Amino acid sequence: MKQKIKKFIESEKIQKLLQNENLRQVIIYVVFGVLTTLVNWFVYFSLTFLLKPENYLKGSFEHAAILNISNSLGWILSVLFAFFTNRRYVFKATSTDTKSQRLEFILFVSARVLSFLLFDLALYNFCIYVFNIPHGIVKILMNVLVVIFNYFASRFVVFRKKKH
């Protein structure tokens, strides 16, 4: 299996695709987006499994607190993972001075806070408590929307190439 994957990656067609910088960037973003999502889901689903929100009345403080704390902790850890992987592997940021790196981090976290508020908080709770959709399904749907939003925010705001 390992040899087949290696052969696939080294194939002429794949190498040609990866030579297109924009396509390479999207492919690598998707790979790290999946890994970031797995970090988020692992934290979220582990905490909801351990804390069992279903043992509380839906809409109660306890139910909402478990879901939102699990969601928030998953978000924090996945944002940290995403920043470092996006900066290094996806967008290949080259700034070395502390001020530029700090600005990248602030912009990155700001964009993630915006996507968190829009999707992981507002729309997440709206879908659970207004549309009565199970939290696991909503979590997955919100992650898809977040990945799309975050790619464009990172590409065109956070790690945009500076024109010389």
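Me: Is lysine 52 buried, exposed or partly exposed, and what is its relative accessible area?

Reply: Buried means under 20% relative accessible area, exposed means over 50%, and partly exposed is in between (1.4 Å probe, protein chains only). Lysine 52 comes out at 31%, so it is partly exposed. Keep in mind that this is a predicted model: local features need pLDDT of at least 70, side-chain atom pairs count only at pLDDT 80 or more, and totals for chains, interfaces and linings use all residues. Residues are numbered from 1 along each chain as its sequence is written, and side-chain values use heavy atoms, with hydrogens and water left out.

Me: Where is lysine 52 found?

Reply: Helices are DSSP runs of H or I with at least four residues, strands are runs of E with at least two, and both are numbered from the N terminus. Lysine 52 is in the loop between α3 and α4. Its phi is positive, about 50 degrees, although it is not a glycine.

Me: Which ring does the charged end of lysine 52 sit over?

Reply: A charge sits over a ring if NZ of Lys or CZ of Arg is within 6 Å of the ring centre and within 35 degrees of the ring normal. For lysine 52, the ring belongs to phenylalanine 49, and the charged end is 4.4 Å from its centre. Arginine 112 has its charged end over the ring of phenylalanine 108, 3.8 Å from the centre.

Me: How do I read a pair of aromatic rings?

Reply: You describe it by the distance of the centres and the angle of the planes. Rings of Phe, Tyr and Trp (its six-membered ring) pair if their centres lie within 6.5 Å; planes under 30 degrees apart are stacked, over 60 edge-to-face, and the rest tilted. That rule gives 17 aromatic pairs here. Take phenylalanine 91 and tyrosine 151: they are 6.1 Å centre to centre with 35 degrees between the planes, a tilted pair. Phenylalanine 91 lies in the loop between α4 (61-90) and α5 (98-129) and tyrosine 151 in helix α6 (residues 135-158), so the pair ties together parts 60 residues apart in sequence. Both residues of this pair, phenylalanine 91 and tyrosine 151, are buried.

Me: What kind of pair do phenylalanine 126 and phenylalanine 131 form?

Reply: Their ring centres are 5.2 Å apart and the planes stand at 90 degrees, so this one is edge-to-face. Phenylalanine 126 is partly exposed at 39%, while phenylalanine 131 is exposed at 53%.

Me: Where does asparagine 132 lie?

Reply: Asparagine 132 is in the loop between α5 and α6. It has a positive phi of about 60 degrees without being a glycine.
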